[in-house]
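Hi,

Here is the structure I promised to pass on.

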Amino acid sequence: MRLLLFGAPGVGKGTQAKLLADEFRIPHISTGDLLRTAVADGTELGKKAKVIMDVGKLVPDDVMIGLVRGVLGSPLASTGFILDGFPRTLNQARALTRMFAELRIRDYRVLNIEVSNEEIIRRLSSRLMCRNDGKIYSTETDGVAAGSPCPDCGGELYQRDDDQPATVRRRLDVYSIQTSPILKFYEDLGVELTVNGMDTVENVHRNITRLLQSAELR
Ligand code: AP5
Ligand code: MG
């Protein structure tokens, strides 16, 4: 299965991607996670990306396209993948179409998750991530607090720097201006599926599974 997860910041892409990756035993490739690993490792890419991510802007297309090209062309992605957070501009979408043609990938879908901005702001202000395994939690629904240990691996739970309210607002603006127009590109290609993300994690997952079944993707 080859799936692109699409949607505004905080709609639940990472949360649903992890469930699908476990269920289908395929890798979850998150461009945000790749960048956060580069930041944590202190690489040149990480240093440049951190400045951009902290203000909620997009890392330049050439950098992101090179990063994704490397991962999709590797053995890790040869039997399927869930790509989360890419493409985010029309330029990236066109580059991905070319990559798919080179890799002879024809069968893929773009899963668009829809959630209201009000709910997104609520979710992002209560999100925590594990510094060790990148698992995603909510202070509202998972009974966790910043600085407490990850229930799974014991790593430290922290709030992402870009989840400050002003940065969230900027990310939502960037999504609306630069990213949301891509949806039309994929609608025109006939590969877009939309799911309502305004439900519990479990119900959204169930509805995604049904959608994928009806699209004969599982
Ligand atoms: P990235 O890490 O991709 O961030 P994002 O797209 O802004 O999305 P998020 O990770 O914030 O949200 P999500 O949809 O994954 O939601 P989650 O599952 O965590 O990108 C970060 C930055 O990197 C970008 O701003 C940019 O600078 C750069 N970047 C990355 N890719 C790039 C690219 N292609 N080009 C250029 N730059 C790029 O859930 C959120 C919260 O809600 C959690 O607390 C979760 O527990 C909770 N939750 C989830 N589902 C539910 C539910 N159904 N009900 C209640 N709570 C829920
Ligand atoms: Mg995410």
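Predicted model: local features only at pLDDT ≥ 70, side-chain atom pairs only at ≥ 80, totals over all residues.

Residues are numbered from 1 along each chain as its sequence is written, chains are lettered from A and ligands numbered from 1 in the order in which they are written, and side-chain values use heavy atoms, with hydrogens and water left out.

Ligand 1 first. It has 33 residues around it, the closest being Thr15, Lys57, Arg88, Arg127 and Arg171 (a residue is near if one of its heavy atoms lies within 4 Å). Sorted by class, that shell holds 13 nonpolar, ten polar and ten charged residues; Ala, Val, Leu, Ile, Met, Phe, Trp, Tyr, Cys and Pro count as nonpolar, Asp, Glu, Lys and Arg as charged, and the others, Gly among them, as polar.

As for contacts (N or O pairs within 3.5 Å), the side chain of threonine 15 puts an N or O atom 2.6 Å from a ligand 1 oxygen. A backbone N or O atom of glycine 14 is 2.9 Å from an oxygen atom of ligand 1, and for the side chain of arginine 160 the distance is 3.0 Å. On its own, ligand 1 has 1000 Å² of accessible area, and the protein covers 95% of that (Shrake-Rupley, 1.4 Å probe). Elements giving two or more residues to the shell are α1 (13-24), α2 (31-41), α6 (117-125) and β6, with the largest share, four residues, from α2. Helices here are DSSP runs of H or I with at least four residues, strands are E runs of at least two, and both are numbered from the N terminus.

β6 also turns up in an open, antiparallel sheet of three strands, ordered β6-β5-β7; pairing takes at least two DSSP bridges between two strands. β6 (136-138) and β7 (157-158) are the edges, each pairing on one side only. Cysteine 130 sits opposite leucine 157 in β7.

Now the backbone. Most residues other than glycine have a negative phi, and most peptide bonds are trans. The bond from phenylalanine 86 to proline 87 is cis, with omega near 5 degrees. Arginine 25 has a positive phi, near 55 degrees, and is exposed at 74% relative accessible area (exposed is over 50%, buried under 20%, partly exposed in between, with a 1.4 Å probe and protein chains only).

Cheers

Notes:
Polar contact = N/O pair within 3.5 Å; in protein donor to acceptor, adjacent residues only side chain to side chain.
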